[in-house]
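Please look over the model shown here, with attention to how its parts meet. A short report follows it.

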There are 2 protein chains.
Amino acid sequence: MAVMGRPRTFDRDKAVDEALHLFWQNGFEATSLNQLKAAMGGGISAPSFYAAFGSKEALFQECVQRYLETYAQVTECLWDTDMAPREAIETALRQSARMQYERGHPKGCMVGLGVMSAPSEEHASVSAALTRSRSRTRKGFIACVQRGIDRGELDPGIAPEALAAVFDAFLMGLSVLARDRVRLSVVEAGISQVMLAWDSAAPKHRGSPYA
Amino acid sequence: MAVMGRPRTFDRDKAVDEALHLFWQNGFEATSLNQLKAAMGGGISAPSFYAAFGSKEALFQECVQRYLETYAQVTECLWDTDMAPREAIETALRQSARMQYERGHPKGCMVGLGVMSAPSEEHASVSAALTRSRSRTRKGFIACVQRGIDRGELDPGIAPEALAAVFDAFLMGLSVLARDRVRLSVVEAGISQVMLAWDSAAPKHRGSPYA
DNA sequence: CTAATAATGTACCGGTCGATACATAAATAT
DNA sequence: ATATTTATGTATCGACCGGTACATTATTAG
(Lines give C-alpha, C1' and ligand atoms only; values in the text may rest on other atoms or scores of the structure.)
Protein backbone atom coordinates (compact mmCIF):
# COMPACT_ATOMS: atom_id res chain seq x y z
CA MET A 1 0.00 0.00 0.00
CA ALA A 2 1.26 3.40 -0.91
CA VAL A 3 2.06 5.92 1.83
CA MET A 4 0.35 9.21 2.44
CA GLY A 5 1.32 12.45 0.79
CA ARG A 6 2.16 13.66 -2.66
CA PRO A 7 4.03 11.01 -4.59
CA ARG A 8 7.58 11.49 -5.77
CA THR A 9 7.93 12.37 -9.45
CA PHE A 10 11.25 10.58 -9.88
CA ASP A 11 12.51 7.08 -9.16
CA ARG A 12 14.49 7.39 -5.94
CA ASP A 13 16.21 4.07 -6.53
CA LYS A 14 17.38 5.05 -9.99
CA ALA A 15 18.42 8.45 -8.63
CA VAL A 16 20.75 6.76 -6.14
CA ASP A 17 22.28 4.81 -9.00
CA GLU A 18 22.83 7.97 -11.00
CA ALA A 19 24.35 9.68 -7.98
CA LEU A 20 26.56 6.64 -7.42
CA HIS A 21 27.89 6.98 -10.95
CA LEU A 22 28.73 10.65 -10.42
CA PHE A 23 30.45 10.06 -7.08
CA TRP A 24 32.29 7.09 -8.56
CA GLN A 25 33.48 9.18 -11.47
CA ASN A 26 34.32 12.43 -9.69
CA GLY A 27 34.63 11.70 -6.00
CA PHE A 28 32.65 13.29 -3.19
CA GLU A 29 33.94 16.85 -3.23
CA ALA A 30 34.16 17.24 -6.98
CA THR A 31 30.52 16.22 -7.45
CA SER A 32 28.22 19.21 -7.02
CA LEU A 33 24.60 19.41 -5.97
CA ASN A 34 23.73 20.79 -9.39
CA GLN A 35 25.27 17.78 -11.10
CA LEU A 36 23.42 15.41 -8.82
CA LYS A 37 20.08 17.19 -9.21
CA ALA A 38 20.46 17.45 -12.98
CA ALA A 39 21.20 13.73 -13.29
CA MET A 40 18.13 12.63 -11.37
CA GLY A 41 15.09 11.90 -13.50
CA GLY A 42 15.83 14.65 -15.96
CA GLY A 43 16.41 17.24 -13.25
CA ILE A 44 14.89 17.80 -9.84
CA SER A 45 14.77 20.81 -7.51
CA ALA A 46 16.81 21.41 -4.40
CA PRO A 47 13.90 20.84 -1.99
CA SER A 48 13.08 17.57 -3.73
CA PHE A 49 16.69 16.55 -3.34
CA TYR A 50 16.82 17.31 0.35
CA ALA A 51 13.42 15.79 1.03
CA ALA A 52 14.59 12.57 -0.57
CA PHE A 53 18.19 12.30 0.64
CA GLY A 54 18.70 14.68 3.57
CA SER A 55 22.07 16.01 2.50
CA LYS A 56 24.86 15.51 0.02
CA GLU A 57 26.87 13.51 2.50
CA ALA A 58 23.92 11.31 3.47
CA LEU A 59 23.38 10.53 -0.20
CA PHE A 60 27.05 9.75 -0.58
CA GLN A 61 26.89 7.29 2.28
CA GLU A 62 23.85 5.70 0.68
CA CYS A 63 25.71 5.41 -2.61
CA VAL A 64 28.70 3.84 -0.88
CA GLN A 65 26.37 1.39 0.79
CA ARG A 66 24.87 0.47 -2.54
CA TYR A 67 28.28 0.11 -4.12
CA LEU A 68 29.42 -2.20 -1.35
CA GLU A 69 26.28 -4.31 -1.69
CA THR A 70 26.63 -4.67 -5.46
CA TYR A 71 29.81 -3.94 -7.38
CA ALA A 72 32.11 -4.51 -4.42
CA GLN A 73 30.77 -8.04 -3.98
CA VAL A 74 33.33 -9.20 -6.54
CA THR A 75 35.88 -9.61 -3.74
CA GLU A 76 33.59 -11.42 -1.33
CA CYS A 77 35.04 -14.74 -2.44
CA LEU A 78 38.05 -13.89 -0.30
CA TRP A 79 35.87 -14.92 2.63
CA ASP A 80 34.56 -18.11 1.06
CA THR A 81 36.36 -20.87 2.92
CA ASP A 82 34.85 -23.43 0.58
CA MET A 83 37.14 -22.05 -2.08
CA ALA A 84 40.85 -22.85 -2.18
CA PRO A 85 42.70 -19.71 -1.05
CA ARG A 86 44.74 -19.29 -4.20
CA GLU A 87 41.60 -19.64 -6.29
CA ALA A 88 39.77 -17.18 -4.05
CA ILE A 89 42.44 -14.54 -4.57
CA GLU A 90 42.65 -15.09 -8.31
CA THR A 91 38.88 -15.03 -8.60
CA ALA A 92 38.66 -11.81 -6.61
CA LEU A 93 41.24 -10.16 -8.83
CA ARG A 94 39.67 -11.37 -12.08
CA GLN A 95 36.14 -10.47 -11.06
CA SER A 96 37.21 -7.05 -9.85
CA ALA A 97 39.17 -6.36 -13.02
CA ARG A 98 36.23 -7.31 -15.20
CA MET A 99 33.89 -5.21 -13.09
CA GLN A 100 36.20 -2.20 -13.21
CA TYR A 101 36.26 -2.33 -16.99
CA GLU A 102 32.55 -2.94 -17.53
CA ARG A 103 30.71 -0.48 -19.70
CA GLY A 104 27.76 1.37 -18.23
CA HIS A 105 29.58 2.80 -15.22
CA PRO A 106 32.82 4.66 -14.44
CA LYS A 107 36.11 2.83 -14.78
CA GLY A 108 38.02 1.65 -11.74
CA CYS A 109 36.96 0.79 -8.21
CA MET A 110 35.10 3.38 -6.13
CA VAL A 111 36.60 1.98 -2.94
CA GLY A 112 40.14 2.38 -4.17
CA LEU A 113 39.65 5.70 -5.93
CA GLY A 114 37.86 7.03 -2.87
CA VAL A 115 41.12 7.26 -0.97
CA MET A 116 41.28 10.87 -2.15
CA SER A 117 37.71 11.66 -1.09
CA ALA A 118 38.79 12.58 2.42
CA PRO A 119 41.86 14.79 2.19
CA SER A 120 42.01 16.07 5.74
CA GLU A 121 41.51 14.16 8.92
CA GLU A 122 38.46 16.28 9.69
CA HIS A 123 36.50 15.01 6.74
CA ALA A 124 37.50 11.45 7.41
CA SER A 125 33.90 10.59 8.23
CA VAL A 126 33.00 11.09 4.58
CA SER A 127 35.09 8.21 3.39
CA ALA A 128 35.20 6.16 6.57
CA ALA A 129 33.03 3.47 4.99
CA LEU A 130 35.39 3.23 2.03
CA THR A 131 38.41 3.04 4.30
CA ARG A 132 36.71 0.32 6.30
CA SER A 133 35.98 -1.62 3.13
CA ARG A 134 39.61 -1.46 2.07
CA SER A 135 40.65 -2.63 5.50
CA ARG A 136 38.25 -5.53 5.29
CA THR A 137 39.50 -6.61 1.85
CA ARG A 138 43.05 -6.31 3.17
CA LYS A 139 42.19 -8.71 5.96
CA GLY A 140 40.58 -11.00 3.39
CA PHE A 141 43.83 -11.27 1.46
CA ILE A 142 45.73 -11.93 4.67
CA ALA A 143 43.22 -14.61 5.67
CA CYS A 144 43.62 -16.35 2.31
CA VAL A 145 47.39 -16.35 2.60
CA GLN A 146 47.11 -17.69 6.13
CA ARG A 147 44.82 -20.42 4.88
CA GLY A 148 47.37 -21.20 2.20
CA ILE A 149 50.01 -21.61 4.86
CA ASP A 150 47.74 -23.71 7.04
CA ARG A 151 46.93 -25.96 4.10
CA GLY A 152 50.59 -26.45 3.32
CA GLU A 153 50.35 -24.63 0.00
CA LEU A 154 52.62 -21.84 1.14
CA ASP A 155 55.93 -21.73 2.95
CA PRO A 156 55.11 -21.23 6.64
CA GLY A 157 58.12 -18.96 6.87
CA ILE A 158 56.57 -16.14 4.87
CA ALA A 159 54.75 -13.25 6.53
CA PRO A 160 51.07 -13.42 5.57
CA GLU A 161 50.72 -9.63 5.41
CA ALA A 162 53.66 -9.42 3.01
CA LEU A 163 52.25 -11.68 0.33
CA ALA A 164 48.79 -10.27 0.97
CA ALA A 165 50.18 -6.78 0.36
CA VAL A 166 51.18 -7.88 -3.14
CA PHE A 167 47.60 -8.68 -4.10
CA ASP A 168 46.22 -5.79 -2.10
CA ALA A 169 48.42 -3.17 -3.74
CA PHE A 170 47.95 -4.78 -7.16
CA LEU A 171 44.18 -4.62 -6.78
CA MET A 172 44.25 -0.99 -5.61
CA GLY A 173 46.47 -0.12 -8.54
CA LEU A 174 44.09 -1.64 -11.06
CA SER A 175 41.82 1.39 -10.67
CA VAL A 176 44.60 3.64 -11.90
CA LEU A 177 45.33 1.38 -14.85
CA ALA A 178 41.65 1.27 -15.73
CA ARG A 179 41.39 5.07 -15.60
CA ASP A 180 44.51 5.30 -17.73
CA ARG A 181 42.88 3.08 -20.33
CA VAL A 182 45.37 0.24 -20.03
CA ARG A 183 43.60 -2.56 -21.90
CA LEU A 184 41.71 -5.14 -19.88
CA SER A 185 43.49 -7.94 -21.70
CA VAL A 186 46.80 -6.62 -20.40
CA VAL A 187 45.45 -6.45 -16.87
CA GLU A 188 44.08 -9.97 -17.12
CA ALA A 189 47.43 -11.25 -18.31
CA GLY A 190 48.97 -9.34 -15.42
CA ILE A 191 46.75 -11.22 -12.99
CA SER A 192 48.15 -14.48 -14.29
CA GLN A 193 51.62 -13.10 -13.71
CA VAL A 194 51.00 -11.79 -10.21
CA MET A 195 49.60 -15.16 -9.17
CA LEU A 196 53.08 -16.53 -9.82
CA ALA A 197 54.11 -14.70 -6.66
CA TRP A 198 51.85 -17.13 -4.81
CA ASP A 199 53.31 -20.10 -6.60
CA SER A 200 56.84 -18.96 -5.79
CA ALA A 201 55.96 -18.83 -2.12
CA ALA A 202 55.23 -22.56 -2.09
CA PRO A 203 57.06 -24.64 0.52
CA LYS A 204 60.45 -26.07 -0.39
CA HIS A 205 60.37 -29.61 -1.73
CA ARG A 206 60.14 -32.25 0.95
CA GLY A 207 63.58 -33.58 1.64
CA SER A 208 65.27 -30.69 -0.10
CA PRO A 209 68.97 -30.99 0.74
CA TYR A 210 69.23 -27.31 1.58
CA ALA A 211 66.00 -26.82 3.48
CA MET B 1 71.79 41.62 -9.66
CA ALA B 2 68.34 42.06 -8.29
CA VAL B 3 65.54 43.04 -10.61
CA MET B 4 63.56 46.23 -10.55
CA GLY B 5 60.46 46.78 -8.48
CA ARG B 6 59.34 46.19 -4.98
CA PRO B 7 60.78 42.96 -3.65
CA ARG B 8 58.62 40.01 -2.68
CA THR B 9 58.04 39.57 1.02
CA PHE B 10 57.88 35.78 0.89
CA ASP B 11 60.13 33.08 -0.51
CA ARG B 12 58.54 32.05 -3.80
CA ASP B 13 60.52 28.83 -3.90
CA LYS B 14 59.42 27.77 -0.44
CA ALA B 15 55.86 28.80 -1.32
CA VAL B 16 55.84 26.38 -4.23
CA ASP B 17 56.98 23.64 -1.88
CA GLU B 18 54.20 24.45 0.56
CA ALA B 19 51.66 24.48 -2.26
CA LEU B 20 53.04 21.16 -3.49
CA HIS B 21 52.42 19.65 -0.09
CA LEU B 22 48.82 20.87 -0.08
CA PHE B 23 48.08 19.64 -3.61
CA TRP B 24 49.79 16.34 -2.80
CA GLN B 25 47.68 15.92 0.32
CA ASN B 26 44.31 17.13 -0.99
CA GLY B 27 44.41 17.08 -4.76
CA PHE B 28 43.83 20.00 -7.10
CA GLU B 29 40.15 20.69 -6.59
CA ALA B 30 40.06 20.10 -2.86
CA THR B 31 42.86 22.60 -2.26
CA SER B 32 41.48 26.14 -1.98
CA LEU B 33 43.11 29.47 -2.67
CA ASN B 34 42.70 30.37 0.99
CA GLN B 35 44.62 27.28 2.05
CA LEU B 36 47.39 28.04 -0.41
CA LYS B 37 47.63 31.71 0.53
CA ALA B 38 47.59 30.93 4.25
CA ALA B 39 50.38 28.37 3.89
CA MET B 40 52.73 30.73 2.09
CA GLY B 41 55.13 32.60 4.33
CA GLY B 42 52.65 32.99 7.13
CA GLY B 43 49.89 34.21 4.85
CA ILE B 44 49.86 36.33 1.70
CA SER B 45 47.14 38.30 -0.07
CA ALA B 46 45.27 37.35 -3.20
CA PRO B 47 47.03 39.93 -5.43
CA SER B 48 50.40 38.72 -4.18
CA PHE B 49 49.37 35.20 -5.04
CA TYR B 50 48.30 36.05 -8.57
CA ALA B 51 51.29 38.28 -9.18
CA ALA B 52 53.58 35.42 -8.25
CA PHE B 53 51.84 32.42 -9.79
CA GLY B 54 49.27 33.63 -12.32
CA SER B 55 46.48 31.28 -11.33
CA LYS B 56 45.69 28.28 -9.21
CA GLU B 57 46.12 25.93 -12.16
CA ALA B 58 49.43 27.50 -13.21
CA LEU B 59 50.72 26.98 -9.68
CA PHE B 60 49.51 23.41 -9.75
CA GLN B 61 51.42 22.75 -12.95
CA GLU B 62 54.50 24.27 -11.38
CA CYS B 63 54.08 22.03 -8.35
CA VAL B 64 53.70 18.98 -10.57
CA GLN B 65 56.85 19.99 -12.40
CA ARG B 66 58.72 20.27 -9.14
CA TYR B 67 57.39 16.92 -7.93
CA LEU B 68 58.50 15.24 -11.13
CA GLU B 69 61.97 16.78 -10.86
CA THR B 70 62.43 15.70 -7.26
CA TYR B 71 60.33 13.07 -5.51
CA ALA B 72 59.34 11.30 -8.73
CA GLN B 73 62.99 10.73 -9.61
CA VAL B 74 62.88 7.56 -7.50
CA THR B 75 61.63 5.64 -10.53
CA GLU B 76 64.15 7.04 -13.00
CA CYS B 77 66.32 3.96 -12.55
CA LEU B 78 63.82 2.18 -14.80
CA TRP B 79 65.57 3.98 -17.65
CA ASP B 80 69.09 3.24 -16.48
CA THR B 81 70.32 0.62 -18.91
CA ASP B 82 73.50 0.23 -16.89
CA MET B 83 71.38 -1.44 -14.26
CA ALA B 84 70.12 -5.01 -14.61
CA PRO B 85 66.40 -4.80 -15.40
CA ARG B 86 65.28 -6.84 -12.41
CA GLU B 87 67.39 -4.69 -10.13
CA ALA B 88 66.07 -1.53 -11.77
CA ILE B 89 62.48 -2.55 -11.07
CA GLU B 90 63.16 -3.60 -7.50
CA THR B 91 65.11 -0.41 -6.88
CA ALA B 92 62.31 1.71 -8.31
CA LEU B 93 59.78 -0.01 -6.08
CA ARG B 94 61.90 0.21 -2.95
CA GLN B 95 62.89 3.82 -3.50
CA SER B 96 59.32 4.82 -4.25
CA ALA B 97 58.00 3.00 -1.19
CA ARG B 98 60.54 4.66 1.08
CA MET B 99 59.79 8.05 -0.46
CA GLN B 100 56.05 7.59 -0.06
CA TYR B 101 56.47 6.87 3.64
CA GLU B 102 58.99 9.61 4.38
CA ARG B 103 58.07 12.08 7.07
CA GLY B 104 57.90 15.74 6.17
CA HIS B 105 55.47 15.41 3.28
CA PRO B 106 52.12 13.73 2.53
CA LYS B 107 51.98 9.96 2.28
CA GLY B 108 51.69 8.23 -1.07
CA CYS B 109 52.66 9.25 -4.58
CA MET B 110 51.24 12.45 -6.03
CA VAL B 111 51.36 11.00 -9.54
CA GLY B 112 49.29 8.00 -8.57
CA LEU B 113 46.89 9.80 -6.26
CA GLY B 114 46.40 12.48 -8.89
CA VAL B 115 44.34 10.14 -11.03
CA MET B 116 41.31 11.63 -9.28
CA SER B 117 42.40 15.22 -9.90
CA ALA B 118 40.74 15.31 -13.31
CA PRO B 119 37.28 13.79 -13.00
CA SER B 120 35.80 14.82 -16.31
CA GLU B 121 37.40 14.81 -19.70
CA GLU B 122 37.09 18.59 -19.84
CA HIS B 123 39.45 19.16 -16.94
CA ALA B 124 41.90 16.63 -18.28
CA SER B 125 44.43 19.40 -18.89
CA VAL B 126 44.80 19.84 -15.15
CA SER B 127 46.27 16.42 -14.62
CA ALA B 128 47.65 15.80 -18.08
CA ALA B 129 51.21 16.04 -16.78
CA LEU B 130 50.46 13.46 -14.11
CA THR B 131 48.85 11.15 -16.64
CA ARG B 132 51.86 11.53 -18.91
CA SER B 133 54.18 10.68 -16.02
CA ARG B 134 52.25 7.50 -15.28
CA SER B 135 52.39 6.57 -18.94
CA ARG B 136 56.12 7.11 -18.97
CA THR B 137 56.70 4.97 -15.88
CA ARG B 138 54.49 2.32 -17.43
CA LYS B 139 56.71 2.28 -20.49
CA GLY B 140 59.72 2.08 -18.18
CA PHE B 141 58.43 -1.11 -16.62
CA ILE B 142 57.73 -2.57 -20.04
CA ALA B 143 61.20 -1.61 -21.23
CA CYS B 144 62.77 -3.36 -18.24
CA VAL B 145 60.79 -6.54 -18.86
CA GLN B 146 61.75 -6.40 -22.51
CA ARG B 147 65.37 -6.05 -21.52
CA GLY B 148 64.95 -9.03 -19.23
CA ILE B 149 63.68 -11.06 -22.15
CA ASP B 150 66.45 -9.84 -24.42
CA ARG B 151 69.04 -10.75 -21.82
CA GLY B 152 67.62 -14.23 -21.46
CA GLU B 153 66.49 -13.63 -17.89
CA LEU B 154 62.83 -13.97 -18.77
CA ASP B 155 60.87 -16.44 -20.82
CA PRO B 156 60.55 -14.89 -24.28
CA GLY B 157 57.03 -16.27 -24.43
CA ILE B 158 55.63 -13.84 -21.87
CA ALA B 159 53.97 -10.59 -22.88
CA PRO B 160 56.10 -7.67 -21.64
CA GLU B 161 53.07 -5.50 -20.86
CA ALA B 162 51.59 -8.28 -18.73
CA LEU B 163 54.50 -8.65 -16.32
CA ALA B 164 55.04 -4.89 -16.41
CA ALA B 165 51.41 -4.43 -15.39
CA VAL B 166 52.14 -6.37 -12.21
CA PHE B 167 54.77 -3.89 -11.07
CA ASP B 168 52.85 -0.94 -12.46
CA ALA B 169 49.63 -1.75 -10.62
CA PHE B 170 51.56 -2.72 -7.50
CA LEU B 171 53.35 0.63 -7.49
CA MET B 172 50.14 2.58 -8.07
CA GLY B 173 48.50 0.67 -5.25
CA LEU B 174 51.26 1.52 -2.79
CA SER B 175 49.84 5.04 -2.49
CA VAL B 176 46.59 3.62 -1.17
CA LEU B 177 48.39 1.39 1.31
CA ALA B 178 50.49 4.32 2.49
CA ARG B 179 47.39 6.48 2.98
CA ASP B 180 45.75 3.60 4.82
CA ARG B 181 48.72 3.45 7.17
CA VAL B 182 49.81 -0.04 6.20
CA ARG B 183 53.26 -0.25 7.75
CA LEU B 184 56.25 0.36 5.52
CA SER B 185 57.89 -2.86 6.72
CA VAL B 186 54.92 -4.79 5.35
CA VAL B 187 55.14 -2.98 2.02
CA GLU B 188 58.87 -3.64 1.83
CA ALA B 189 58.32 -7.32 2.51
CA GLY B 190 55.63 -7.19 -0.19
CA ILE B 191 58.16 -5.87 -2.67
CA SER B 192 60.32 -8.92 -2.04
CA GLN B 193 57.28 -11.07 -2.70
CA VAL B 194 56.19 -9.32 -5.87
CA MET B 195 59.68 -9.67 -7.30
CA LEU B 196 59.09 -13.42 -7.20
CA ALA B 197 56.72 -12.86 -10.10
CA TRP B 198 59.77 -11.87 -12.10
CA ASP B 199 61.72 -14.90 -10.94
CA SER B 200 58.84 -17.19 -11.87
CA ALA B 201 58.85 -15.81 -15.38
CA ALA B 202 62.39 -17.06 -15.94
CA PRO B 203 62.98 -19.27 -18.97
CA LYS B 204 62.57 -23.03 -18.57
CA HIS B 205 65.77 -24.88 -17.76
CA ARG B 206 67.89 -25.60 -20.74
CA GLY B 207 67.34 -29.18 -21.74
CA SER B 208 64.39 -29.56 -19.43
CA PRO B 209 62.76 -32.88 -20.30
CA TYR B 210 59.32 -31.34 -20.40
CA ALA B 211 60.10 -28.08 -22.19
C1' DC C 1 -16.28 16.04 2.32
C1' DT C 2 -12.12 17.57 5.56
C1' DA C 3 -7.73 16.74 7.84
C1' DA C 4 -3.23 15.06 7.60
C1' DT C 5 0.89 14.03 5.14
C1' DA C 6 4.49 14.57 1.94
C1' DA C 7 6.68 16.20 -2.33
C1' DT C 8 6.88 20.15 -5.44
C1' DG C 9 8.18 24.91 -7.47
C1' DT C 10 9.96 29.50 -6.71
C1' DA C 11 12.85 32.20 -4.59
C1' DC C 12 16.51 32.88 -1.67
C1' DC C 13 20.06 32.27 2.38
C1' DG C 14 25.05 33.08 3.96
C1' DG C 15 29.46 31.36 2.69
C1' DT C 16 33.19 30.33 -0.20
C1' DC C 17 35.08 29.78 -4.76
C1' DG C 18 38.79 31.70 -8.01
C1' DA C 19 40.08 36.04 -9.60
C1' DT C 20 40.58 41.38 -10.07
C1' DA C 21 40.53 46.87 -9.71
C1' DC C 22 42.87 50.32 -7.79
C1' DA C 23 45.74 52.98 -5.14
C1' DT C 24 50.09 52.64 -2.52
C1' DA C 25 54.79 51.24 -1.20
C1' DA C 26 59.48 49.81 -2.22
C1' DA C 27 62.88 48.67 -5.13
C1' DT C 28 66.02 49.82 -9.61
C1' DA C 29 67.34 52.67 -13.82
C1' DT C 30 68.79 56.99 -15.66
C1' DA D 1 65.61 63.64 -8.28
C1' DT D 2 62.53 61.45 -11.37
C1' DA D 3 60.71 57.73 -14.05
C1' DT D 4 59.96 52.94 -14.26
C1' DT D 5 58.92 48.62 -12.46
C1' DT D 6 56.96 45.36 -9.37
C1' DA D 7 54.72 43.77 -5.16
C1' DT D 8 51.54 45.04 -1.58
C1' DG D 9 47.03 46.05 1.07
C1' DT D 10 42.14 46.89 0.87
C1' DA D 11 38.10 46.01 -1.00
C1' DT D 12 35.37 43.62 -4.02
C1' DC D 13 33.71 41.02 -8.19
C1' DG D 14 30.27 37.47 -10.20
C1' DA D 15 29.60 32.54 -9.86
C1' DC D 16 28.76 28.73 -7.55
C1' DC D 17 28.65 26.09 -3.15
C1' DG D 18 25.44 23.32 0.06
C1' DG D 19 21.19 24.16 2.15
C1' DT D 20 16.19 26.40 3.39
C1' DA D 21 11.60 29.16 3.90
C1' DC D 22 7.36 29.18 2.26
C1' DA D 23 3.40 28.57 -0.20
C1' DT D 24 1.33 25.08 -3.32
C1' DT D 25 -0.05 20.64 -5.13
C1' DA D 26 -1.12 15.84 -4.88
C1' DT D 27 -1.98 11.99 -2.43
C1' DT D 28 -4.05 9.03 1.66
C1' DA D 29 -6.77 8.60 6.17
C1' DG D 30 -10.91 9.31 8.42
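The report below describes a predicted model, taking the DNA contacts and then the protein interface.

## Surface near DNA strand D

Around DNA strand D there are 25 residues, of which Leu33(A), Asn34(A), Lys56(A), Pro47(B) and Ser48(B) come nearest. By class, this surface divides into 12 nonpolar, nine polar and four charged residues. At least two residues each are supplied by helix H2 (33-39) and helix H3 (46-53) of chain A and by helix H3 (46-53) of chain B, and the largest share, three residues, comes from H3(A).

Of the atoms of DNA strand D within 4 Å of the protein, 72% belong to sugar or phosphate, while the rest belong to bases. On the phosphate side, a polar side-chain atom of Arg8(B) lies 2.9 Å from a phosphate oxygen, and an N or O atom in the side chain of Ser32(A) is 3.3 Å from a phosphate oxygen. A base oxygen, by contrast, is 3.0 Å from a polar backbone atom of Arg6(B).

## Interface of chain A and chain B

The contact takes 43 residues from chain A and 43 residues from chain B, and the area buried between them is about 3,300 Å², of which carbon and sulfur atoms give 69%. Four salt bridges are found across this interface, including one in which the side chains of Arg134(A) and Asp180(B) meet at 2.7 Å, N to O.

On the side of chain A that touches chain B, two or more residues come from each of helices H1 (12-26), H6 (110-113), H7 (128-150), H8 (160-179) and H9 (184-200) of chain A. H8(A) gives the most, with 14 residues, and the classes on this side are 24 nonpolar, 10 polar and nine charged residues.

Key. Residues are numbered from 1 along each chain as its sequence is written. Chains are lettered from A and ligands numbered from 1 in the order in which they are written. This is a predicted model: local features need pLDDT of at least 70, side-chain atom pairs count only at pLDDT 80 or more; totals for chains, interfaces and linings use all residues. Side-chain values use heavy atoms; hydrogens and water are left out. A residue is near a molecule or strand if one of its heavy atoms lies within 4 Å of it. A polar contact is a pair of N or O atoms within 3.5 Å; within protein, one must be able to donate a hydrogen and the other to accept it, and residues adjacent in sequence count only if both atoms are side-chain atoms. Helices (H or I, at least four residues) and strands (E, at least two) are DSSP runs, numbered from the N terminus. Ala, Val, Leu, Ile, Met, Phe, Trp, Tyr, Cys and Pro count as nonpolar, Asp, Glu, Lys and Arg as charged, and the others, Gly among them, as polar. Contact means heavy atoms within 4.5 Å. Buried area is the accessible area (1.4 Å probe) that two parts lose on being put together, summed over both.
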